[in-house]
Amino acid sequence: MLKTFKEWDENLLIYLNNLGTDSYDSFWVFSTQIESWTALFLFFSLLIFYYLKKKKGLLVYGSALLMLFLTLLLTDTTKALVERLRPNNTPEIVNLIRVLQYPETYSFFSGHASTSFAITTFLVLAIRPFNRWIYLAYLWPLVFVSSRIYVGVHYPSDILIGALVGTLMAISIWALLQRVIPRV
């Protein structure tokens, strides 16, 4: 069964990755870089402090940073334990996909997916009582993680598990924070 899942994962990657064309490469390479999203991160920070004043805003912002740190720690630890090669480093696949980046680190699970879904989910949980449009923030991680398949550095399962881990991390930290917020 594991072999079947691995084949499905590889075939889906090959199919999705090969949908790409040269004319969109620069967009996806730009989209996959964390630095490209700096303005969005600043906007997210401003939203927290706009809607959640003073101590509450600082507490939520600090909790978001803690959650981000814990998500990165879990992601990096899992990558070191699982040691799954990235598609761009896998001899059986590398010639079947379009590779636009060549990271050397391991693949499972995607740090782009875990952190972007953690940040977005946490932001949505914090801001949704004030602004229902905040759900549009999920467009960012969808573009961000799609770029990882496009540039040939992650399998779809890396993305799905990363998104799930990030979302669960955000929900867990938010639930713990709710025990403290009423006292602030």
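Visitor: What makes residues of helix 1 count as buried, and which are they?
Guide: This is a predicted model. Buried means under 20% relative accessible area, and in helix 1 the residues Asp9, Glu10, Leu13 and Asn17 are buried.

Visitor: Which exposed residues does the face turned away from the buried side carry?
Guide: That face of helix 1 carries Thr4, Asn11 and Tyr15; the term exposed requires over 50% relative accessible area. The buried residues, in turn, are covered by elements that include helix 5 (91–94), helix 7 and helix 8.

Visitor: How does the span of helix 1 compare with what is expected?
Guide: From first C-alpha to last, the 16 residues of helix 1 reach 22 Å, close to the expected 22 Å at 1.5 Å a residue.

Visitor: What does the corresponding test give for helix 4?
Guide: Helix 4 has 29 residues, which should span 42 Å at 1.5 Å a residue; the end C-alpha atoms are 42 Å apart, so the two values agree. After helix 4 comes Glu83, with a positive phi near 55 degrees.

Visitor: Which residues of helix 4 are buried, and what covers them?
Guide: The buried residues of helix 4 are Gly57, Val60, Ser63, Ala64, Met67, Thr71, Thr75, Thr78 and Lys79. Their cover includes helix 3, helix 6 and helix 8.

Visitor: What is the volume of the largest pocket, and which residues lie closest to its centre?
Guide: The volume is about 470 Å³. Among its 25 lining residues, Phe41, Leu68, Thr115, Ile119 and Trp140 are the closest to the centre. Helix 4 supplies the largest share of this lining, 9 residues.

Visitor: By class, how does the lining of the largest pocket divide?
Guide: There are 15 nonpolar, 6 polar and 4 charged residues in that lining.

Visitor: What lines the second largest pocket?
Guide: This pocket, with a volume of about 230 Å³, is lined by 14 residues, and Lys6, Asp9, Glu10, Arg84 and Tyr155 lie nearest its centre. Helix 1 gives the most to the lining, with 5 residues. The classes here are 7 nonpolar, 2 polar and 5 charged.

Key
Residues are numbered from 1 along each chain as its sequence is written. This is a predicted model: local features need pLDDT of at least 70, side-chain atom pairs count only at pLDDT 80 or more; totals for chains, interfaces and linings use all residues. Side-chain values use heavy atoms; hydrogens and water are left out. On a 1 Å grid over the protein atoms alone, a cavity is a set of points where a 1.4 Å probe fits but cannot get out, and a pocket is an open set with protein on both sides within 12 Å along at least five of seven lines; lining residues have an atom within 4 Å of a point. Grid points are joined across faces, edges and corners, and a volume is the space filled by probe spheres set on the points. Helices (H or I, at least four residues) and strands (E, at least two) are DSSP runs, numbered from the N terminus. Ala, Val, Leu, Ile, Met, Phe, Trp, Tyr, Cys and Pro count as nonpolar, Asp, Glu, Lys and Arg as charged, and the others, Gly among them, as polar. The expected span of a helix is 1.5 Å times one less than its number of residues. Buried means under 20% relative accessible area, exposed over 50%, partly exposed in between (1.4 Å probe, protein chains only). Contact means heavy atoms within 4.5 Å.
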